[in-house]
Amino acid sequence: MDIGITIGIIIVALLVGLVVLFVLRSRTSSTDTEPLDTTLLDATPSAIAPDVELRTRLARTRSAIAGALGSILGSETSEDGWETLEDALILADVGPATSSEIVTAVRARSPQTDAEVSSALRDVLVAGFSSTDRHLCAEGRPGIIVVVGVNGAGKTTTIAKLAHQLTANGTSVVLGAADTFRAAGDSQLMAWGKRIGVEVVSGDQGADPASVAFGAVDRAKTDGVDVVIIDTAGRLHAHTNLMEELAKIVRVVERESGAVGEVLLVLDGSSGQNGIVQARAFTEAVGVTGVIITKLDGTAKGGVAIAVEKELGIPIKYIGVGEGIDDLIPFEPRDFVEALTSP
């Protein structure tokens, strides 16, 4: 056999071997991809079954209020029953003044039966919520949502849940990790972003948070993304310097985008009346436009939702009723009240 032909055969064989090896390695890498480290996530996301009632998620607050309703006509004197209801509302962190107003309004209707008492209470509670639009305002391209709150309220996880809902509805999202105060402050948001398939723009530790927010908005403009959600460092509402830094973030984003659609305050439902103090401070600093109350499934202080709108007039837009990624639900006053007062 001619030596040229022999060399040609050898070269072809080598090329075929290289192709086969490449294919095998590609298949191996696609099946052995390193799994996402979920240790930074608050919980493994799990969808709420559609037949799970809100009342079961608000069981701790509901049991106190529903029990008090039963005592009004069951007590030896009706006055004792009304005092029990007022005490239950106060313990649920509705607030002393608001609780007294609610009981007075219910009594003014002179209910005579259990059903009438429950109906009157539901009507009074629903009337205490504003009739404002509770939809997210994210007009413009991109729409801007800045999320604020104290440490431990569940802010970062709430942002991930909100982003998940928006992307599920066909809205593209970029997250801005403007928590640059803590070491690896963006780690949890980065992990969530990887899990839900959303890009996260971050910066180095100690970087100017406003510059990170600016970068997220700029990225969204470049890529034609619909909405930017900016995570900010958790801070105590009494720390003046940190609150001023937060106001700077909002100013910079407004200058870059023209407007901030929402400034959402995340409140821990178990914080009770302290949440009212927080809401006042954040509103003064950055003009809070809506509230998200988290962890309502694990507290008996769910009445804070009533107090927030009654005392501050800030609409509640979402409530968190579980640890799963789908456990952030739009707030509907009548559904919420029905869940709290049902036996």
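User: Which residues does Leu 175 touch, leaving out those up to four places away in sequence?
Analyst: In this predicted model, Leu 175 touches Ile 159, Ala 163, Leu 189, Val 198, Glu 199, Val 200, Val 201 and Ile 229.

User: And which residues touch the most other members of the largest nonpolar core?
Analyst: Leu 175 is one of them, along with Ile 102, Ile 229, Ile 316, Ile 319 and Phe 336. The core has 94 residues.

User: Which helix gives the most to this core?
Analyst: Helix H10, residues 240-257, which contributes seven residues.

User: How many helices and strands are there in the chain?
Analyst: The chain has 13 helices and eight strands.

User: What share of the residues counts as buried?
Analyst: 47% of the 343 residues. The chain exposes about 16300 Å², and 54% of that area comes from carbon and sulfur atoms.

User: What about contacts between residues 24 or more positions apart?
Analyst: Such pairs make up 77% of the contacts in the chain with a separation of 6 or more.

User: Switching to pockets. What lines the second largest pocket?
Analyst: The lining starts with Asp 133, Arg 134, His 135 and Leu 136 and also includes Lys 317, Tyr 318, Pro 330, Phe 331 and Glu 332.

User: How many of the lining residues are nonpolar, polar or charged?
Analyst: Four are nonpolar, one is polar and four are charged.

User: How much space lies in the second largest pocket?
Analyst: About 150 Å³.

Methods: Residues are numbered from 1 along each chain as its sequence is written. This is a predicted model: local features need pLDDT of at least 70, side-chain atom pairs count only at pLDDT 80 or more; totals for chains, interfaces and linings use all residues. Side-chain values use heavy atoms; hydrogens and water are left out. On a 1 Å grid over the protein atoms alone, a cavity is a set of points where a 1.4 Å probe fits but cannot get out, and a pocket is an open set with protein on both sides within 12 Å along at least five of seven lines; lining residues have an atom within 4 Å of a point. Grid points are joined across faces, edges and corners, and a volume is the space filled by probe spheres set on the points. Ala, Val, Leu, Ile, Met, Phe, Trp, Tyr, Cys and Pro count as nonpolar, Asp, Glu, Lys and Arg as charged, and the others, Gly among them, as polar. Helices (H or I, at least four residues) and strands (E, at least two) are DSSP runs, numbered from the N terminus. Buried means under 20% relative accessible area, exposed over 50%, partly exposed in between (1.4 Å probe, protein chains only). Contact means heavy atoms within 4.5 Å. Accessible areas come from the Shrake-Rupley method with a 1.4 Å probe; for residues, only the protein chains shown count as cover. A nonpolar core is a set of buried Ala, Val, Leu, Ile, Met, Phe, Trp, Tyr and Cys residues joined through side-chain atoms within 4.5 Å.
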